[in-house]
Amino acid sequence: MALFVALRLLYLVPVLIAVSLLTFSIASLLPGDLAMTILADQATSENLAALRHDMGLDLPIWQRYFTWLGHILQGDFGRSFRTGQTVLQAVAERLPVSIELMLLAQLGALAIGVPLAIVCAARSGGPFDRFMTGTAFAMLSVPTFLSAILLIYLFAVELRWLPATGYVPFAEDPLGNLRFMVLPSLTLALAEWPSIMRILRSDMIATLQEDYISLAKAKGLTPARILFVHALKPSSLTLVTITGINIGRLIGGALIVETIFALPGIGRLLVGAILTRDLIILQGVVLLVAAGFVIINFIVDLLYAVLDPRIRHGHA
Amino acid sequence: MTGRPLLSVEDVAVDLPTPRGNLRAVDRVNLTVGAGQTLGVVGESGCGKTMLSRAILQLLPKKAKLTGRAIFDGQDLVSLDREKLRKLRGRSLAVVFQDPMTSLNPVLTIGTQLIETLQEHLGLDLAATRKRSVELLAAVGIPAPEQRLMQYPHQLSGGMRQRVAIAIALSCEPKLLIADEPTTALDVTIQAQILDLLAREQRRRHMAMILITHDLGVVAGRTDEVAVMYAGRVVERAPTPALFKKMRMPYTEALLAAIPKLDAAPHTVLPAISGRPPDPTRPLKGCSFSPRCRYAVARCHGEKPELTEAETPAHQFACFHPIEMPAAVPA
Amino acid sequence: MATLELDLAEEAVSAPPRKGRRLGWLFWAAIGWMVFVFALAIFATVLPIADPAAMDMLERRAPFSAAHWLGTDGLGRDELSRLIYGARVSLVVGLCAPVIGLTIGGALGMLSGYFGGRFGSFVVGTMDVLLAFPPLILVLAVIAYVGQSIFNLTLILGVLGIPAFMRVARAATLTLSRREFVIAAQALGASHARILLRELLPNVILPLFAFFLLGVAITIVVEGSLSFLGLGVPPPVASWGSMIGEGRESLDIAPRLAFMPAIAMFLTVLSFNLVGDTLRALTDPRQGAL
């Protein structure tokens, strides 16, 4: 097991390096003069040159990359020239919000998708199964922002049960926090549950054809035990895979949802940075998010080994 | 065999709808097994013997249509309600499948798979089930049984896995054990051990057993009665010694001839049965074996033979000109 | 043996239902909608509809009427013609971006699948790095630096699609390369170019096209999301996404302004998904359907 983890970690390093390279390239190679952006109206040829020299923009590109990388590895991601906050400070402030949102959304998607998948697999081919499969397919064609608008219209405008925007930290007011988080996480959950349900359902249908399920039936076990212990466990591997794959989409969705519902998370930080042309924040946040994404995928890989003892012991 | 048989299969037929037409996998089979008796069911692959066992256990695929009755211990399994059937299975009626690699759940420990059966049917607490599981594993000949409880199926050899499957089947003292080709997926060297284990446990527990196999050699000396199946029907049925001494079906004779004999000269060519079993979606008008039978005459191609009695009512066969001569008992 | 017997029977039994229902009425309805939207978009300029930019301040948020079939928006502009012109933008981005992915990704995939070796691993590795980024983040980052325009948007969305198309083409090529007709062509001394173009391409293009349709659906959604946030097509150009974004402001008084473009987008995305998914099931070389 230790060997397994070590090998995977080794693979992680080059990917992270590549991610940093790509982020840096976007910032440096694309048209758009950073100094010009910062100074904007007050730009003169003198202070432009001075600022460029100050920021090291006149150095050769590979030197700039290593200087930048050096700063990063020491924890210095730069400082926003608009707000004066360091990137790390800004991210640390907003990370809990985004994490709470994504966590609630993923839990919601699992809470909807997994039971539906199990019921549909157990009654595959029947009317409920066909209805649910069709609904799941249709839901895949509903963009996140569309669900958001629908939910806002239904719950905030018409029924007035829940607020459309706003946020209060959990530590301050747990109930209020959850009230503000219901619509945003529900929106994301609605976007994620179809893929979970479809994949788990088809995996379970395949599992239910296996010999060991026939034997479990022949042993006189209850249908509940057969479904939840004998069938769900082998299929749970796919669940981990699909959750892992969805994280990329979840991050993108969180960005949209945070903007729509005015939640002070990382997504909104990013969008704000784009609108105010705060390129240092932009670069820092992109790097952090991408690196986080790579690390999460790494953890998902590890979870495989935990769930399937065959992988742990080296038999595929 | 005295008194009411433990299992009585009456006119059981299994039909499967396929894109090419209806597939008659099992064609009106009648069998009985008495308490403590062993019935051997022999036939080539595709003859319907596995379908028959699934039919008895009510484990057929969803689209299959089952007719007939299977009376087990006074209850008809075919029409029994689901909850009662579930209580019977694993408890009074147990099964061992062919391939223990696929019949044991790969992500659950051996212990879990043993204990859950005991808990479900006998309602024992965890400590008692663990103790019982260790005893069972020891009884089927698995060394270091306590360690095995925490292991997964892929960590054991094929023979060990099948022993575990047998332990699971025996755990609640069933009255009838159906063993569907229990040794086919195993090494030749292990096969005899497993068969001996089954026979030993059967005698000890006074359990009835149905031993399904394609190998006539397996049933010699290990069964009380043998039923030979071909193309979904029982074509000959007799107490084992009678079958080997006085077989009547040309198919049975051909099967016997195909068993390698210890006392034959080296490099003797095994007489294989030429041709292939018929397409089950296109049943023949006459006897299903007639295209491959070396004794076949016109009547065999035109008419289907029914089961008729030989010298004793226990010995039945379905043939228009059975063999009269006794055959040599295999080594 | 005995297990095989049972398995074959099971397979034979479970095969029939799927094959019969391949091109049902839903499929043709989807095709119908797609043709309808395309026609409207292409012939927008010759249709007898109002100028989408013409504002009528007296008739803001007007309900359905003979003059304005679908009413007017917050600035008095005719909704119907805005919807039709919005379709143009959404479809242009939605179609052109995946084309980039299809051509470049498809070519890279076929080449890496056919030649394999270090080149193949290099291509796969590069694509993996691109896939290491959450897609929306990357789009936003690039747009921030190069600025908003339809061209930039199409370009970056297209580039982002390259890894996915590459994977599909590569997988199809790997499967097909092992089939007899490729080995036969090689034995006959055909050049690589000939094999790639004459033997492999016609077979790979089918699953690629199915994936292309799915890509169109995804692109319309992504462009819509970005435009909704004001980060996609730059104003005053309108796509369905930005219309929905504007409509959000009037949710309490005139929800139809948000929901009409929403329905249009949903139906279009659904149609592309339906057709793409059906074609994919039909043409996946791994399932031996062809």
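**Figure 1. Packing of helices α7(B) and α8(B).** In this predicted model, the axes of helix α7 (residues 158-170) of chain B and α8(B) lie 11 Å apart, and the two helices pack at an angle of about 15 degrees. Because angles under 35 degrees count as roughly parallel, α7(B) is roughly parallel to α8(B). The crossing in which α7(B) passes α8(B) is right-handed. From α7(B), the residues that make the contact are G159(B), Q162(B), R163(B), I166(B) and L170(B). From α8(B), the contact is made by I190(B), Q193(B), I194(B), L197(B), L198(B) and E201(B). By class, the residues of this contact are 6 nonpolar, 3 polar and 2 charged.

**Figure 2. Positive phi at H206(B), in the loop between α8 and β8 of chain B**. The loop that holds H206(B) runs between α8 (188-205) and β8 (208-213). H206(B) is not a glycine, yet its phi is positive, at about 50 degrees. Most residues other than glycine have a negative phi. H206(B) is exposed, because 10 other C-beta atoms lie within 10 Å and the cut-off for an exposed residue is 12 or fewer.

**Figure 3. Positive phi at D11(B), in strand β1 of chain B**. Strand β1 covers residues 7-18 of chain B, and D11(B) lies in this strand. The phi of D11(B) is near 55 degrees, a positive value in a residue other than glycine. Is D11(B) buried or exposed? With 11 other C-beta atoms within 10 Å, D11(B) is exposed.

Figure 4. Helix α7 (residues 144-158) and helix α8 (residues 174-208) of chain A cross at roughly 135 degrees, and their axes come within 9 Å. The crossing of α7(A) past α8(A) is right-handed. On the α7(A) side, the residues that meet α8(A) are T144(A), S147(A), A148(A), L151(A), I152(A) and F155(A). Their partners in α8(A) are L183(A), L186(A), T187(A), L188(A), L190(A) and A191(A). This contact has 9 nonpolar residues, 3 polar residues and no charged residues.

**Figure 5. The helices of chain A.** Chain A has 13 helices and 0 strands. Of the 316 residues in chain A, 35% are buried. Among the contacts in chain A that join residues at least 6 apart in sequence, 70% are between residues at least 24 apart.

**Figure 6. The helices of chain C.** The secondary structure of chain C consists of 11 helices and 0 strands. The C-alpha trace of chain C spans about 80 × 50 × 35 Å along its principal axes. Chain C has 290 residues, and 42% of them are buried. Of the contacts in chain C between residues at least 6 apart in sequence, 68% join residues at least 24 apart.

**Figure 7. Helix α4(C) and the glycine just after it**. Helix α4 of chain C covers residues 79-115, a run of 37 residues. How far does α4 of chain C reach from its first C-alpha to its last? The distance is 53 Å, close to the 54 Å expected at 1.5 Å a residue. Just after α4(C) comes G116(C), with a positive phi of about 60 degrees.

Figure 8. M265(C) counts as buried, because it has 29 C-beta neighbours inside 10 Å and the cut-off for a buried residue is 20 or more. Which residues is M265(C) in contact with, leaving aside its neighbours within four places in sequence? They are I220(C), G224(C) and W240(C). L47(C) is 218 residues from M265(C) along the chain, and the C-alpha atoms of the two are separated by 21 Å.

**Figure 9. The contact between chain C and chain A**. Chain C gives 31 residues to this contact, and chain A gives 36 residues. On the side of chain C that touches chain A, the elements giving two or more residues are α6 (135-146), α9 (192-228), α10 (240-248) and α11 (256-283). Of these, α6(C) gives the most, with 9 residues. By class, the residues on the chain C side are 26 nonpolar, 3 polar and 2 charged.

Notes: Residues numbered from 1 in each chain as written. Chains lettered and ligands numbered in written order. Predicted model: local features only at pLDDT ≥ 70, side-chain atom pairs only at ≥ 80, totals over all residues. Contact = placed C-beta atoms within 7 Å. Helix = DSSP H or I, 4+ residues; strand = E, 2+ residues; numbered from the N terminus. Nonpolar A, V, L, I, M, F, W, Y, C, P; charged D, E, K, R; others polar. Expected span 1.5 Å × (residues − 1). Axes fitted to C-alpha atoms, helices over the stretch in contact; angles between N-to-C directions. Parallel < 35°, antiparallel > 145°, perpendicular 65-115°, else oblique. Left-handed = near helix turned anticlockwise from the far one by under 90°.
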